[in-house]
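Q: Can you walk me through the pockets and the helix packing here? I'm new to this one.

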Amino acid sequence: AIPAYQTVNGVSGNLNSIGSDTLNNLMTYWAESFHASYPNVIIQIEGKGSTTAPPALIEGTAQLGPMSRQMKPTEMDAFEKKYGYKPTEIKVAIDALAVFVHKDNPITGMTMQQVDGVFSSTFKRGGKSVSDWGDVLPAWKGKAISIFGRNSASGTYGFFREIGLNKGDFKPTVKEQPGSSGVVQGVATDLYSVGYSGIGYLTSGVRAVPLGEKADAIYEASYENCLNGKYPLARFLYVYINKKPGAALDTLTLEFVKFIVSKAGQEIVVKDGYFPLPATLAAEVVESLAK
């Protein structure tokens with residue numbers, strides 16, 4: 001139901017994207033496909049974490065700021081202090097932030113309280129420390145849990161801490177990785193490990209654990225469960241841009257964003273393992289760019 005992208009004349013120049021590692025592959029695929037339609041466009045992508053996006057937009061070193069979490073009020077305020085208006089938030093895809101285990105781990109599901117017990121040192125969800133697989137998987141009693149996670153520059157780290165850990169603190173034993181692929185590789189090579197990253201980084205070596213608020217309501221990390229709100233770690237992925245209200249966006253940035261939320265752009269989302277925007281949301285993005 002999402003309309004196809006229509007190319008226009010006179011699109012050329014350079015686009016810079018600085019921000020989320022989670023969106024790194026998506027931004028690359030979008031850039032390659034966009035370049036195929038517009039050979040005179042050069043797009044450079046740097047994905048070192050969502051916290052790098054707001055400063056890049058403020059300083060003007062990037063026109064695109066991909067983020068796997070919403071911009072914080074302090075980041076919004078810093079942008080507004082410079083430009084007199086807030087940055088424009090664009091929803092570009094849906095992600096099920098996944099808790100990954102090794103492909104041979106037989107666990108059938110976890111509650112969010114158990115997830116908090118595995119990753120957290122503060123137990124804001126009311127549970128206790130889960131450091132041995134026997135606490136959640138009786139057959140593996142005596143097997144210590146090895147934990148992988150992201151570093152603090154990551155929007156995924158921030159989202160998981162806020163929602164998964166109820167704004168608690170991570171255990172010091174979490175092996176922090178600079179990228180999501182590092183988390184997944186770590187889990188894939190360690191039978192007794194667990195880690196978190198976007199569902200788009202799913203490989204044959206790991207699997208996503210079904211999650212739920214209660215033991216009798218555990219849900220797969222599926223598109224349907226993200227849309228209906230049953231999967232507890234569903235989130236939007238964003239690209240932020242600098243658009244002055246009431247003023248036309250520059251043609252290059254405008255066309256790239258329109259391409260992202262077009263049929264072709266959202267098919268790339270599916271190809272990369274994430275979930276597409278509903279057609280109504282994609283239409284809202286296009287409408288917002290004309291304001």
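A: Helices (H or I, at least four residues) and strands (E, at least two) are DSSP runs, numbered from the N terminus. This is a predicted model, where local features need pLDDT of at least 70 and side-chain atom pairs count only at pLDDT 80 or more, while totals for chains, interfaces and linings use all residues. Residues are numbered from 1 along each chain as its sequence is written, and side-chain values use heavy atoms, with hydrogens and water left out.

Q: OK, which way does H1 cross H8, left-handed or right-handed?
A: H1 passes H8 in a right-handed crossing. Their axes come within 11 Å and cross at roughly 110 degrees (axes are lines fitted to C-alpha atoms, for helices over the stretch in contact, and angles run from 0 to 180 degrees between N-to-C directions). That makes H1 roughly perpendicular to H8; angles under 35 degrees count as roughly parallel, over 145 as roughly antiparallel, 65 to 115 as roughly perpendicular and the rest as oblique.

Q: Which residues of H1 and H8 make the contact?
A: From H1 there are Met-27, Trp-30, Ala-31, Ser-33 and Phe-34, and from H8 Leu-252, Glu-255, Phe-256, Phe-259 and Ile-260. Contact means heavy atoms within 4.5 Å. By class, that's eight nonpolar, one polar and one charged (Ala, Val, Leu, Ile, Met, Phe, Trp, Tyr, Cys and Pro count as nonpolar, Asp, Glu, Lys and Arg as charged, and the others, Gly among them, as polar).

Q: And at what angle do H1 and H9 cross?
A: The axes of H1 (residues 24–37) and H9 (residues 263–271) cross at roughly 140 degrees and come within 10 Å. So H1 is oblique to H9. Leu-26, Tyr-29, Trp-30 and Ser-33 of H1 meet Gly-265, Ile-268, Val-269 and Lys-271 of H9.

Q: Switching to pockets: what volume does the largest pocket have?
A: About 390 Å³. On a 1 Å grid over the protein atoms alone, a pocket is an open set of points where a 1.4 Å probe fits, with protein on both sides within 12 Å along at least five of seven lines; lining residues have an atom within 4 Å of a point. Grid points are joined across faces, edges and corners, and a volume is the space filled by probe spheres set on the points.

Q: What lines the largest pocket?
A: There are 19 residues, with Arg-69, Lys-72, Gly-158, Phe-159 and Glu-162 nearest its centre. H5 gives the largest share, six residues. By class, the lining has seven nonpolar, six polar and six charged residues.

Q: How much space is in the second largest pocket?
A: About 240 Å³. Its lining has 14 residues, and Pro-3, Ala-4, Lys-258, Ser-262 and Val-286 are closest to the centre. H10 gives the most to that lining, four residues.

Technical notes: A crossing is left-handed if the near helix is turned anticlockwise from the far one by less than a right angle, and right-handed if clockwise.
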